[in-house]
Amino acid sequence: MGFNCGIVGLPNVGKSTLFNALTQTQAAQAANFPFCTIEPNVGRVAVPDPRLEKLAVIAKSAKIIPTQLEFVDIAGLVKGASKGEGLGNKFLGTIREVDAICHVLRCFDSGDITHVEGSVDPIRDAEIVETELMLSDMESLERRIVPLEKKAKSGDKDAKADVDLMSKALDLLRDGKPARLADLSKDEVVPFKRLNLITSKPVVYICNVEEDNAATGNAHSAKVFEKAAAEKAQAVVISAAIEAEVAQLETDEERKEFLDSLGLEETGLTQVIRAGYALLDQITFFTIGPKEARAWTVFRGAKGPQAAGAIHTDFERGFIAAETIAYDDYIAVGGEQGAKETGKLRLEGRDYLVQDGDVFHFRFNV
């Protein structure tokens, strides 16, 4: 599991409280002063998927193992981070390594918790962080493009292709827009990703609201949703305070009762995890048996051997075929035996495109 989301934001927006609740630990110190998270804390969380439990019941699996997503709590950023202000260099170095960004925005008023900018304005806060990220990307590209332009002029085709991509990103950044808005052809997607630009990473805005607004949001969060829609990004509403309380409850029954009392159907963290998973454009496949029912993750567009490789590299190297049952078929016919009897079990080869919910048994020879 190598996919992770970096939790970013200005100091005192509820970032570390959210991380603590996500991982149900106190690994990140939550305190009312900037830079309380100095080293990036990492936690893994299970991705909620009700399909896994249904499959496990049918197969009488002794163990259930969900797929996981990694969250990284990154030091709070301030203006001037791209020039090294605060913990800027550490922040930018860590965020460049993550796959997606969860941007926590303070959407609540409180006299007890200071705001580094002196007032609550989530759009301004988002722009402060994004500006620093764009400045960092611009500096990186402007440094890298100079030697490549020389190579391109000498006739190097690969260098010319890289210069064209970098120029496309620089035009956006100089216009105050993130690199993820670049209009790319199908062939440009992978090489563009290799540029490793912070602002090319997918983003979900997390609106941290008061407890009373957790179900409906508020005026602050409404503005964030408008911003997200304009950027083709995602946004969710949570109350970090509520999530912290839920994390302390021991049973599913207690958690459900608490959420019901607040008019909430699910935790905000469930929404965050689901949004983070969707941001990375991942799909889930399953391996089901009496010992365990397990969920696995691959990128959308992965083929059979790549799915096998998610379990073990030997499986990918020696891939022969994948015994495949669609999730709906597995449920409808009551499991693997029923799938065999009704012809719902298929044998798929190396070129098979993995579908979300596929139940696999891999044949391989190493």
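Predicted model: local features only at pLDDT ≥ 70, side-chain atom pairs only at ≥ 80, totals over all residues.
Buried here denotes under 20% relative accessible area, exposed over 50%, and partly exposed the range in between, computed with a 1.4 Å probe on protein chains only. Residues are numbered from 1 along each chain as its sequence is written, and side-chain values use heavy atoms, with hydrogens and water left out.

When neighbours within four places in sequence are set aside, Phe71 is in contact (heavy atoms within 4.5 Å) with residues including Cys5, Ile7, Phe19, Leu22, Cys102, Val272 and Ile273. A search of the whole structure for disulfides, defined as pairs of cysteine sulfur atoms within 2.5 Å, finds 0. For Cys102, the nearest cysteine sulfur is that of Cys5, 4.4 Å away, and Cys102 counts as buried, at 0% relative accessibility. Cys207 is likewise in no disulfide, the nearest cysteine sulfur being that of Cys107 at 4.3 Å, and Cys207 is buried, with a relative accessible area of 0%.

An open sheet of 6 strands shows the order 2-4-1-5-6-7 with mixed pairing, two strands being taken to pair if DSSP finds at least two bridges between them. Its edges are formed by strand 2 (41-46) and strand 7 (234-238), each of which pairs on one side only, and the twist averages 25 degrees from one strand to the next. Strand 6 (residues 203-208) pairs with strand 7 in the parallel sense over 5 bridges, and Asn208 stands opposite Ile238 in strand 7.

Helix 4 (residues 122-153) lies across strand 5 (100-106) and strand 6, running at about 145 degrees to strand 5; axes are lines fitted to C-alpha atoms, for helices over the stretch in contact, and angles run from 0 to 180 degrees between N-to-C directions. Helix 7 (residues 219-231) also packs on the sheet, where it touches strand 5, strand 6 and strand 7, and its direction makes about 175 degrees with that of strand 6.

Key
Helix = DSSP H or I, 4+ residues; strand = E, 2+ residues; numbered from the N terminus.
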